[in-house]
Structures are given as structure tokens and as C-alpha cells.
Amino acid sequence: MLVPHKVCFRMSMLLVVFSLPMFAGSSQERNVGSQTSSNTDAHKVSSRLLFEITLHGFLLWASLGLLMPLGVLIIRMSKGEACGRRLKTYVRAHAILQMLSVLLATAGAIMSIKNFGNLFNNHHQRIGLVLYGIIWLQALIGFLRPVRGSKGRSPWFFSHWTLGTTVSLLGVINIYSGLLAYSKKTSRSIRLWVILFTVEVSFISFFYLLQDKLEYIQKQGVILGNERSRPIDQTASHGVKQESFIESG
């Protein structure tokens, strides 16, 4: 998903800002059926619920927190590639990672519908519902990609980039709200996971920004090298002219 330079900068900055764990938390609720009178049965239900919540969180992190950002970075690396094998490799890798991301997110959504009592009365569940819809819409638009240079390429590009940006931002936000929901549900500390995910998001944002600057830095090196070589070349050529003039005289 290619983005303009200025918008890319703003998006990356937003990613870093949104990566700060300062969102209002939400809790996931589940209908576990009739209450049991046995403490052992209650413990079994609690353990099962804990496993389901953990697996749900892992699937959504792998989808929206890892594979999808990697797909974005890979397609950004194709910038400047007009055609050829390298461009096809970038596009295929991007498509594969994004489809895997869609499948994992779908699996997480099915788990949520099947195992959790979703009342959609908190931010985490509402954002998740919006995300599931946008992810599949984005996948459909990706399959309908027009050929470069065609009339419909520009509106397709804008819609594909807009949806991709929306998914990236909402995905990061919802992973943090999911961690807070997990902490409230299980009373377990999430400090380590918040730190690790923040480091990951910050690194991805930095690398995303760096890709815009790599070509500029390389060009600056070439220009600087040319500027340093010019005075020497001019002096040498001037010296040759003087020697030729003396010999002819």
C-alpha cells in the first residue's frame, strides 16, 4: 500500500502516538451458562476461558500487529521499481502476508463470536467489529486492482491506501485495548506485553519513515561525492592546459 510522502510521515507519527498505552480499557464478557456448585468445575471453566482469550489475542496480534505491518513495509520497498522480477516478488510477498493476516483475523473473529458474549458495549468490541468489516473490504479491493496506467488506477489507489491506513491505526489501538481487557478479566499484569508491543510499533514506524529517506540519503552521498571531485578535476584539467600552452610556446 503506497502512500504519499507527507501523509506517510503523519501516519507514522500517529502510529507512534497511538502506540502509547493510554486508551480507555474495555472488558470482554462471556456467557458461561448455568453456574456450577463445584469449585473444581468453576476452575475448569476459568482455565478454558483464559486459554480462549489468550488465543484470541495471539491471533489478532499476529494478524494486525505483525503480518499486516510487514506487508506494508514490503510494498513500500517496491517504491521506485518500475517493472521486472523484483517488483513482482514484492507484490506477491505483500499479497501473501496480507491474506494470511486476513485469515488469522477471521479466525479470531469466529472465536470471539463463538466463545464470548459480545454485547458491543465497549471500545474493544466495537473497534473489532469495524476492523473485521474493513479487513475483508480491503482484501476485496486488493483483488480488484486495476493495471498501472489505467483510468481507474488513481481512485483504486486512494481507496486502497485509505483503508490500509485505517486498518493499521485501528489495529494498533485495538491490540492495546485488548491487552487492557485481558488484564481486567484475568487480573494479570500486562506491563511486559505493553512494553514489547510498544517497542515493536516504534521500530516499524521508524523503519517505515526511514524508507522514505533512504533514496534521499543515497542521492546526497552521490551529490557530495561529485562536489568533492569537481575542484580536483578542474585543477587537473587547468594544469594540463597550462602544460600544453607552455609546450606549444
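Contacts between residues 24 or more positions apart make up 78% of the contacts in the protein that have a separation of 6 or more. This figure, like every value below, comes from a predicted model. The protein contains six helices and zero strands, and its elements follow the order α-α-α-α-α-α from the N terminus. Among its 249 residues, 36% count as buried.

Two packed helices are described by the angle between their axes and the distance between the axes. Helix H3, residues 85-115, packs on helix H4, residues 123-143, at an angle of about 150°, and the two axes lie 10 Å apart. H3 and H4 are therefore roughly antiparallel to each other, and their crossing is left-handed. On the H3 side, the residues that take part are Met99, Val102, Ala105, Thr106, Gly108 and Ala109. Their counterparts in H4 are Tyr132, Ile135, Trp136, Ala139 and Phe143.

H4 also meets the helix that comes next in the numbering. The axes of H4 and helix H5, residues 153-186, come within 9 Å and cross at roughly 150°. That angle makes H4 roughly antiparallel to H5. H4 passes H5 in a left-handed crossing, and a left-handed crossing was also found for H3 and H4. Ser183 counts as partly exposed because its relative accessibility is 22%, and the cut-off for a buried residue is under 20%. With neighbours within four places in sequence left aside, Ser183 is in contact with Arg188 and Ile190.

Turning to the aromatic side chains, the count comes to four aromatic pairs. One of them is formed by Phe58 and Trp61, whose ring centres are 5.9 Å apart. The planes of Phe58 and Trp61 stand at 40°, and the pair is tilted. Both residues belong to helix H2, which covers residues 39-77. Because Phe58 and Trp61 are three residues apart in H2, about one helical turn separates them. Phe58 counts as partly exposed at 49% relative accessibility, and Trp61, with a relative accessible area of 28%, is likewise partly exposed.

The rings of Phe203 and Phe207 form a stacked pair, because their planes are at 15° and planes under 30 degrees apart count as stacked. The centres of these two rings are 6.4 Å apart, and the limit for pairing is within 6.5 Å. Phe203 and Phe207 both lie in helix H6, residues 191-248. They are four residues apart there, about one turn of the helix. Phe203 counts as exposed at 55% relative accessibility, whereas Phe207, at 29%, counts as partly exposed.

A further ring takes part in an arrangement with a charged group. The charged end of Arg76 sits over the ring of Tyr208, at 5.3 Å from the centre of that ring.

Key. Residues are numbered from 1 along each chain as its sequence is written. This is a predicted model: local features need pLDDT of at least 70, side-chain atom pairs count only at pLDDT 80 or more; totals for chains, interfaces and linings use all residues. Side-chain values use heavy atoms; hydrogens and water are left out. Rings of Phe, Tyr and Trp (its six-membered ring) pair if their centres lie within 6.5 Å; planes under 30 degrees apart count as stacked, over 60 as edge-to-face and the rest as tilted. Helices (H or I, at least four residues) and strands (E, at least two) are DSSP runs, numbered from the N terminus. Buried means under 20% relative accessible area, exposed over 50%, partly exposed in between (1.4 Å probe, protein chains only). A charge sits over a ring if NZ of Lys or CZ of Arg is within 6 Å of the ring centre and within 35 degrees of the ring normal. Axes are lines fitted to C-alpha atoms, for helices over the stretch in contact, and angles run from 0 to 180 degrees between N-to-C directions. Angles under 35 degrees count as roughly parallel, over 145 as roughly antiparallel, 65 to 115 as roughly perpendicular and the rest as oblique. A crossing is left-handed if the near helix is turned anticlockwise from the far one by less than a right angle, and right-handed if clockwise. Contact means heavy atoms within 4.5 Å.
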